[in-house]
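Thanks, everyone. I'll take you through one structure this morning. Please have a look at it first.

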Amino acid sequence: GHAPGPDALRILCREVMPINEENLLEARIAASLWPRAMYDEQMAATNRRTMDRWRAQMAIFLEQAREEGTVGDIDVTIVVEQLLNMMMGMQILGVLTPGETSSERQLEMLERFVTTL
């Protein structure tokens, strides 16, 4: 929608995080395709396009947040990579260890991360 900076960032991240049944199913599908992407160039290219799109969107939202003054003087490129790594980790752990990586825990991690910015 029209959410600005940090709110848009939270929305994007929640779409990736396995915090509900639909997103958990998507995470299971994604995790099952990652091994193929290691050896199949077409799958690897699809994965790169998705990651590049998420990186670009995250960078836009973080730049908006910096312009609004809702985050400090951050290195957007590094923060994007930190956040993307956290999202990918949540997908894996949400699938493999859902008890420890519950939706509540994931949302708390996201909120704490964004708040520290």
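Predicted model: local features only at pLDDT ≥ 70, side-chain atom pairs only at ≥ 80, totals over all residues.

Now, how do α4 and α5 lie against each other? Helix α5 covers residues 103-116. The two axes cross at roughly 175° and come within 11 Å. Angles over 145 degrees count as roughly antiparallel. So α4 and α5 are roughly antiparallel to each other.

Stay with α4, and turn to another partner, α1. This helix is residues 5-16. Which residues of α1 and α4 meet? From α1, we have L9, C13 and V16. From α4, we have L83, M87, M88 and Q91. By class, that contact holds 6 nonpolar residues, 1 polar and no charged.

What about the geometry of this pair? The axes of α1 and α4 come within 9 Å, and they cross at roughly 30°. That angle makes α1 roughly parallel to α4. The crossing of the two is right-handed.

Next pair: α2 and α3. Their axes are 8 Å apart, and the packing angle is about 125°.

Who makes the contact here? On α2, look for L33, W34, R36 and A37. On α3, look for M43, A44 and N47. By class, the contact of α2 with α3 has 5 nonpolar residues, 1 polar and 1 charged.

Last topic: the empty space. Rolling a probe the size of a water molecule over the atoms shows where such space is left. The largest pocket has a volume of about 230 Å³. It is lined by 14 residues, and the closest to its centre are A30, W34, N47, T50 and M51.

Which helices supply the lining? At least two residues each come from α2 (21-37), α3 (41-68) and α4 (76-96). Which one gives the most? That is α3, with 6 residues.

And what kind of residues are they? The lining of the largest pocket divides into 8 nonpolar, 4 polar and 2 charged.

That's my tour. Over to you.

How values were computed: Residues numbered from 1 in each chain as written. Heavy atoms only, no water. 1 Å grid on protein atoms, 1.4 Å probe; cavity = no way out; pocket = protein on both sides within 12 Å on 5 of 7 lines; lining within 4 Å. Points joined across faces, edges and corners; volume = space filled by probe spheres on them. Helix = DSSP H or I, 4+ residues; strand = E, 2+ residues; numbered from the N terminus. Nonpolar A, V, L, I, M, F, W, Y, C, P; charged D, E, K, R; others polar. Axes fitted to C-alpha atoms, helices over the stretch in contact; angles between N-to-C directions. Contact = heavy atoms within 4.5 Å. Parallel < 35°, antiparallel > 145°, perpendicular 65-115°, else oblique. Left-handed = near helix turned anticlockwise from the far one by under 90°.
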